[in-house]
Amino acid sequence: MKIIMLGAPGAGKGTQAKQISAKYSIPHISTGDIFRANIKNGTELGKKAKTYMDQGALVPDELTCDLVMDRIQQDDCKNGFVLDGFPRTIPQAEALDEALKKVNQSMDYAIDVDVPDENIVKRMGGRRACLSCGATYHIQFNPTKVEGVCDACGSKTVLRDDDKPETVKKRLTVYHDQTQPLINFYDNKGILKTVDGTQDLNKVFEDIVAILGE
Ligand SMILES: [Zn+2]
């Protein structure tokens, strides 16, 4: 079962990917993890990626795709995998497609966790983080026992810059420009499945299981 997760930043696709990974015993693969693992292990691909990252530059699509292909051909991926955060753009999706074709493979599902922008802005605005110990909360869904105070360490909790409405809106603009076209791309391939990401997390996962099968 080879799955791509689609959805805006903050739509909750990472959470769903983790649950899919656990239920179907397939690895949850994010490009961040792949980069870190390759750099840590000093692989050739990792060294190449690091030269870009050290300069604060984006890792080129082709190299990212090589890293992903290298990862998904490892033993633990033989029953499938769930990709989270890649592909992000049409050129990346095309590169992935080509690379898979060479090994006679193709993706099975692209699952779009659909959440309207205003919903995401509101959701992210409710996040709170403790800068001392890294604990995260949400004023509505996972509040601290005492407002504004970290349960774990007693420090003050804050709304991170990353979660502020103006930052979230900027990221959503990038998403609509670069990533949303993937929805059509995978729809044209006949593998797009859309779930309503505004629902309770467990209900979203139930809908995904209904698509993938028990
Ligand atoms: Zn804390």
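Colleague: What makes Cys130 count as buried or exposed in this model?
Modeller: The model is predicted, so every value here is computed from it. Cys130 has a relative accessible area of 3%. Buried means under 20%. Therefore Cys130 is buried.

Colleague: And Cys133 and Cys153? Why are they called partly exposed?
Modeller: Cys133 has a relative accessible area of 41%. Cys153 has 38%.

Colleague: How do you know which atoms coordinate the zinc ion?
Modeller: A donor is an N, O or S atom within 2.8 Å of the metal. The SG atoms of Cys130, Cys133, Cys150 and Cys153 are at 2.3 Å. That is within the cut-off, so they are donors.

Colleague: Why is the site of the zinc ion called tetrahedral?
Modeller: The angles among its four donor atoms run from 100 to 117°. Four donors count as tetrahedral if all angles lie between 85 and 135 degrees. These angles do, so the label holds. The ideal angle for four tetrahedral donors is 109.5 degrees.

Colleague: How are the donor residues spaced in sequence?
Modeller: The pattern is C-x2-C-x16-C-x2-C. Cys133 sits in the loop between strand 5 (127-130) and strand 6 (136-138). Cys153 sits in the loop between strand 6 and strand 7 (157-158). So the pair ties together parts that are 20 residues apart in sequence.

Colleague: Which residues does Cys153 contact, leaving aside its neighbours within four places in sequence?
Modeller: Cys130, Ser132 and Cys133. By comparison, the C-alpha atoms of Cys153 and Asp163 are separated by 22 Å. Those two are 10 residues apart along the chain.

Colleague: What radius of gyration would a compact globule of 214 residues have, and what does the protein have?
Modeller: The globule would have a value near 17 Å. The protein has 18 Å, which agrees. Its C-alpha atoms fill a box of roughly 55 × 40 × 35 Å along the principal axes.

Colleague: What share of the residues is buried?
Modeller: Buried residues make up 42% of the 214. The accessible surface comes to about 11900 Å², and 48% of that belongs to carbon and sulfur atoms.

Colleague: What helices and strands are there, and how far along the chain do contacts reach?
Modeller: The protein has nine helices and eight strands. Among contacts between residues at least 6 apart in sequence, 68% join residues at least 24 apart.

Methods
Residues numbered from 1 in each chain as written. Predicted model: local features only at pLDDT ≥ 70, side-chain atom pairs only at ≥ 80, totals over all residues. Heavy atoms only, no water. Donors = N, O, S within 2.8 Å, 3.2 Å for Na, K, Ca; no water. Tetrahedral: all angles 85-135°; square planar, octahedral: opposite > 155°, others 65-115°. Helix = DSSP H or I, 4+ residues; strand = E, 2+ residues; numbered from the N terminus. Buried < 20%, exposed > 50% of the residue type's maximum accessible area, 1.4 Å probe, protein only. Rg over C-alpha atoms; globule rule 2.2 N^0.38 Å. Contact = heavy atoms within 4.5 Å. Areas by Shrake-Rupley, 256 points an atom, 1.4 Å probe, with all protein chains shown as cover.
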